[in-house]
Amino acid sequence: FSFTVPPSGCVDCKTGDWHEYLRMDKMVDTIIKLLTDSLVQCTPTYNSTDGNPIPHSTQFLQALPLPSILALALATTTCLATVGLAALQIIYINAYVTHNSRRSLIIFLASTAPFVSMTALVSLFMPRAWFFSHLSGFMYFTLALYVIICLLLNLFEGRRGIQTRLAEQKVSIETSTPPFCCFFPCMPKLPADNRTLGMVEWMVLQAPLIRLLATIVSLFIYFEFNTDGFNALKVIDFLALPSLLIGIYGTHILVTTVSKLEELSSYRYVVVFRLLDFFLAFFGIQHGVFDFFARAGAFGCGMAHLPPLETAFFWKNVLVTIESFLVVLLSTILLQPSRSSFFDKHPSCRNVQSPTSSTVTKETLETVN
């Protein structure tokens, strides 16, 4: 039995029989090739003067087939809608959030989806910019992880405020949270003291710092070696992955623990966190998925002079713009000013103070009585 993958209309593709890759003596070679090269060998259809196999935007757009033009139009429309909804959110945030520092943190989080969508749209029109677009998006996400923890600290007026409220409610720090709870389900609970909270906060802070360093090194390698440096870039991404996982883990620990406090529910803080969490998960996972399928030959020899890998990322970025719009749409519906105490100046909002302030007021009344 023999099955040969069709070349998808690309006469320059040379594909072997896929059953050969399933033999044990070929398995290791196939895995290495998927990580470092491609199972489909194609002759470049674009010859540039600078040796870059990725075409300039002009040549790329002129050669786009009709389905890709429609996808590009859809991505542009959804990006504009995302930016429009985000601008409306920022107007409401400026109008109805009292605290300056809290307002700035919320605006940063509200800008996540439009920023990621715009960088993806730029790379759709300028395929040579896809790598910078991906790095910029990941950098913003890691910063957003720390910003959402800063927002939590702001609500409780600092680490001491969280420690006080957890001690009053006799709540311990829950360490059995994603992404490590799947592998270590019986992780212990830690005391909610200032030292432990500081350690968890630093777990989150190190993620954007390491990502910034990895981004700078990756840009140097890309500008120097261009597409020839992709193997080194994969190594850098792999080395930076534990830092990102630790940052996500620290965020989950703190949010899962503090979400047990009743006064946090009126802010719908967990909704904000879940939207960011799922958005980051989809953004990170789908990059690897599209990379794998491109190297496995799912996109043939590419389209519109694009190599297979860049063709895969074209469709990935179309998907990113749609996801960004869905995130903004959901946040607009779920975090209306009438439903979240973040918008403390809104007429329909309940008169809710910060958690620590309400605690102090309650203790004062009990003392007077």
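1. Helix H8 covers residues 194-225, 32 residues in all. At 1.5 Å a residue it should span 46 Å, and its end C-alpha atoms lie 47 Å apart, so the two agree. The expected span is 1.5 Å times one less than the number of residues. Helices are DSSP runs of H or I, at least four residues, and strands are E runs of at least two, numbered from the N terminus. Just after H8, asparagine 226 has a positive phi of about 55°.

2. This is a predicted model: local features need pLDDT of at least 70, side-chain atom pairs count only at pLDDT 80 or more, and totals for chains, interfaces and linings use all residues. Residues are numbered from 1 along each chain as its sequence is written, and side-chain values use heavy atoms, without hydrogens and water.

3. An unreviewed UniProt entry lists transmembrane regions, among them 202-223, 235-255 and 267-285. Such annotations may be inferred rather than shown by experiment; positions follow the numbering used here and feature names are shortened. Residues 235-255 are 100% helix and 0% strand, with end C-alpha atoms 31 Å apart. Residues 267-285 are 89% helix and 0% strand, with end C-alpha atoms 29 Å apart.

4. The whole structure holds 14 aromatic pairs (Phe, Tyr or six-membered Trp ring centres within 6.5 Å; planes under 30 degrees apart are stacked, over 60 edge-to-face, the rest tilted). Phenylalanine 60 and phenylalanine 314 have ring centres 5.9 Å apart and planes at 70°, so the pair is edge-to-face. The pair links helix H2 (residues 57-62) to helix H11 (residues 308-334), 254 residues apart.
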